[in-house]
Amino acid sequence: MFTPMILDFCKRRRLYDIPNERKVHKNATPRMGGITFLPSMLTAFAAILVILSITEEDTVSINLWSFGFLCGLVLIYATGIVDDLIGLGAKTKFTIQIITGFLFPLAGLYINNFYGLFGIHEIPYYIGFPLTIFLIVTIDNAINLIDGIDGLATCLSLLALAGFMLYFLHYEVFLNTYCILAAGMMGVLVAFGYFNIFGKPEINTKIFMGDSGSLSLGYILGFFAVKCAMDNTAVWPTRQEAIIVPLTLLFIPLADVVRVTLHRMRHHQPLFNADKNHIHHKLMRAGLSQHQALISILLLAVCYIVLNYLLFSVLPQTVIVIIDIALYCVVNYFINLKIRHAT
C-alpha cells in the first residue's frame, strides 16, 4: 500500500537516483522505498500488540535495551530520509552511526564474550563498549554498501532476519518483542522486493530502498547481532554458538565491506569514496547479469550457513572462521580470473 504512494510522490517531486559511471542501473529510478520500512514494521508490531492485549495470551515488555534501540533506529531512519532527499556527506552519516551505536552499551547491551573464538572468552566492559560500537557501525555500513544491485540487500537481510528469528524461537527467549519485529521487517522486505526486483521504470513500478532503507536495515541487524552475541545468563544460558551465529548470518556483507576497505587502503584511496569493487560489481564484470549475480551471492550465503552449521559440531569456532575466510578468498580469486578472461 505504501510503496505505490512513495512512487507517485517521487515522480511528482522528481526524486530519482540518476545513473552514473559507478551505478549499475540505466534509468532514473525513485530512491525512497526505504521510507516505508519503519512505519510498516511498527504497524505490524502494533497490530500484534493489539491482538495479544485482546486474547491476553501473552505480554510484550519494552526494556531499556529496546528503548535505546528504538531511539537509535528513529535517528538512523531520519538520517537516511534526509540523505535521500537532499544528500548527506559520508562523514556526517558515519558520525551519526557512531552516536546511535553508543546507545547500546550505555543501556547495558554490549559484546561481553567471544566464547573461545581466537582463544578469547569474557570481555571487560571497557573493551566491549568500543567493540560494540564498531560492530554496529560496520554492519550498518556493510548493508548500506552491498545495496548495489536489485534485491541484494533485501534478500541478504531477509535471510539474516529469518536466521535470527528462528534462533530466538529455538531458545524461547525474546519470543514476542524481537521475533515480532523480525517477522514484521521480513514482511516489509518481501513487499518491497517485489517492486525492487520485478518493477519497471517505464511504468513507474520500480524503486530503490535508498539510505533510509539500507541504514535502517543495517541498524536492526546490528542490534540483533549484539543481542544474540551477548552472554546474559539472566535471559538465556551461555551458548558456545552465540558469536558464530551472527557472523555466519552476516558473513557476506561483512566480508565484502572488509575486503573493499582493505583494497582502498592498499591502493591509497579515500575510505569514504564510492567505487565499483564490491562482489556484485565483480560478478557483473565477470559476465553475469544483475539477477544472476543476485542468485550467485544468495547461494553463497546459504552455503556458508549450511557449512557452518555442519562444521560447528566437529570443529572449533576459530577453525570455522578461518575456513570461511579462506573460502571467500578462493571465491574472489576465481571471480578475478573470470574477469581477466572476460576482458
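**Notebook: buried residues, salt bridges and helix contacts**

I began with Ser-216, which lies in helix α8; helices here are DSSP runs of H or I with at least four residues, strands are runs of E with at least two, and both are numbered from the N terminus. I note that this is a predicted model, in which local features need pLDDT of at least 70 and side-chain atom pairs count only at pLDDT 80 or more, while totals for chains, interfaces and linings use all residues. Residues are numbered from 1 along each chain as its sequence is written, and side-chain values use heavy atoms, with hydrogens and water left out.

**Entry: Ser-216**

I looked up the accessibility of Ser-216 and found 2% relative accessibility, so it counts as buried. The classes are buried under 20% relative accessible area, exposed over 50% and partly exposed in between, with a 1.4 Å probe and protein chains only. I then listed its contacts (heavy atoms within 4.5 Å). Leaving aside neighbours within four places in sequence, Ser-216 touches Leu-73, Ile-76, Tyr-77 and Asp-211. For Tyr-77 I recorded a C-alpha to C-alpha distance of 5.5 Å from Ser-216, across 139 residues of sequence.

**Entry: salt bridges**

I searched for salt bridges, defined as a side-chain nitrogen of Lys or Arg within 4 Å of a carboxyl oxygen of Asp or Glu. The structure has four of them.

I examined Lys-93 with Asp-83, where the closest N and O atoms are 3.3 Å apart. Lys-93 belongs to helix α4 (residues 90–106) and Asp-83 to helix α3 (residues 64–85), so this pair ties together parts ten residues apart in sequence. Both Lys-93 and Asp-83 are buried.

Lys-93 also pairs with Asp-211, and here the closest N and O atoms are 2.7 Å apart. Asp-211 sits in helix α8 (residues 210–229) and Lys-93 in helix α4, so the bridge ties together parts that are 118 residues apart in sequence. I noted relative accessible areas of 12% for Asp-211, which is buried, and 15% for Lys-93, which counts as buried.

I also looked up Arg-259 and Asp-256, whose closest N and O atoms are 3.3 Å apart in their salt bridge. Arg-259 and Asp-256 are three residues apart in helix α10 (residues 251–266), and are therefore separated by about one helical turn. Both residues are buried. Turning to shared partners, I found Asp-83, Lys-93 and Asp-211 joined by salt bridges into one network.

**Entry: Thr-79**

I checked Thr-79, which is placed in helix α3. Its relative accessibility is 5%, so it counts as buried. Not counting residues up to four places away in sequence, Thr-79 touches Leu-88, Lys-93 and Ile-96.

**Entry: α6 with α7**

I looked up how helix α6 (residues 152–171) and helix α7 (residues 177–198) are arranged: their axes come within 9 Å and cross at roughly 160°. Axes are lines fitted to C-alpha atoms, for helices over the stretch in contact, and angles run from 0 to 180 degrees between N-to-C directions. The two helices are therefore roughly antiparallel to each other; angles under 35 degrees count as roughly parallel, over 145 as roughly antiparallel, 65 to 115 as roughly perpendicular and the rest as oblique. I recorded the crossing of α6 past α7 as left-handed, meaning that the near helix is turned anticlockwise from the far one by less than a right angle.

Among the residues in this contact are Leu-158, Leu-161 and Met-165 of α6 and Met-186, Leu-189 and Phe-192 of α7. By class, the contact of α6 with α7 has 17 nonpolar, four polar and no charged residues. Ala, Val, Leu, Ile, Met, Phe, Trp, Tyr, Cys and Pro count as nonpolar, Asp, Glu, Lys and Arg as charged, and the others, Gly among them, as polar.

**Entry: α7 with α8**

I repeated the check for α7 and α8, whose axes come within 12 Å and cross at roughly 150°. This pair is therefore also roughly antiparallel, and α7 passes α8 in a left-handed crossing. The contact is made by Tyr-178, Leu-181, Ala-182, Met-185 and Leu-189 of α7 with Leu-217, Ile-220, Phe-223, Phe-224 and Lys-227 of α8. I noted nine nonpolar residues, no polar residue and one charged residue in the contact of α7 with α8.

**Entry: positive phi**

I looked up Asn-204, which has a positive phi of about 55° although it is not a glycine. Asn-204 lies in the loop between α7 and α8 and, at 17% relative accessibility, counts as buried.

Phe-118, not a glycine, has a positive phi of about 55°. I placed Phe-118 in the loop between α4 and α5 (125–145). With a relative accessible area of 49%, Phe-118 is partly exposed.
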